[in-house]
Amino acid sequence: MTDIELADAIESVRDQLIEAAGRATGKPVAFEVGDIEMEFTIELRKEVKGGAKVKAWVVEAGADASRARGETHRVSFTLKPRDATTHGPWLVGNDDAGDTSDFGSGSAR
């Protein structure tokens with residue numbers, strides 16, 4: 001099994017949205033990115049090193065049945081992408097290539 005942190009899985013979706021926007025730059029049609037619904041089966045593990053943090057790891061779809069029943073949890077959530085500069089809806093295909101410098105800045109809006 002390849003361990004994938006939940007944060008890495010979400011980052012991959014964000015990176016692919018940014019790549020899609022870059023590919024669409026200069027095209028005559030733009031799409032507003034709507035709500036993104038995500039669902040994962042995760043395993044919670046306590047990492048002893050570095051301050052004993054609990055981390056969520058995405059479990060492969062083919063995990064054996066006994067493990068899936070006893071040690072995993074299903075988590076689902078909805079992300080609503082916003083433009084980090086204007087705070088408006090994020091467009092794929094906008095002429096502006098975009099800027100990700102404010103992504104994950106931790107400031108609550």
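**Fold and strand pairing in a predicted model**

Lys27 lies in the loop that connects α1 (6-24) with β2 (31-32), where helices (H or I, at least four residues) and strands (E, at least two) are DSSP runs numbered from the N terminus. The model is predicted, so that local features need pLDDT of at least 70 and side-chain atom pairs count only at pLDDT 80 or more, whereas totals for chains, interfaces and linings use all residues. Residues are numbered from 1 along each chain as its sequence is written, and side-chain values use heavy atoms, with hydrogens and water left out.

Lys27 counts as partly exposed because its relative accessibility is 48%, given that buried means under 20% relative accessible area, exposed over 50%, and partly exposed in between (1.4 Å probe, protein chains only). Although Lys27 and Gly93 are 66 residues apart in sequence, their C-alpha atoms are 6.3 Å apart in space. Of the 109 residues of the protein chain, 21% count as buried.

The protein chain contains two helices and six strands, which follow one another from the N terminus as β-α-β-β-β-α-β-β. Four strands make up an open sheet with antiparallel pairing, in the order β1-β4-β3-β5, two strands being counted as paired if DSSP finds at least two bridges between them. At the edges of this sheet are β1 (4-5) and β5 (72-79), each of which pairs on one side only. Strand β1 runs antiparallel to β4 (residues 53-58) and is joined to β4 by two bridges, with Glu5 standing opposite Trp57 in β4.
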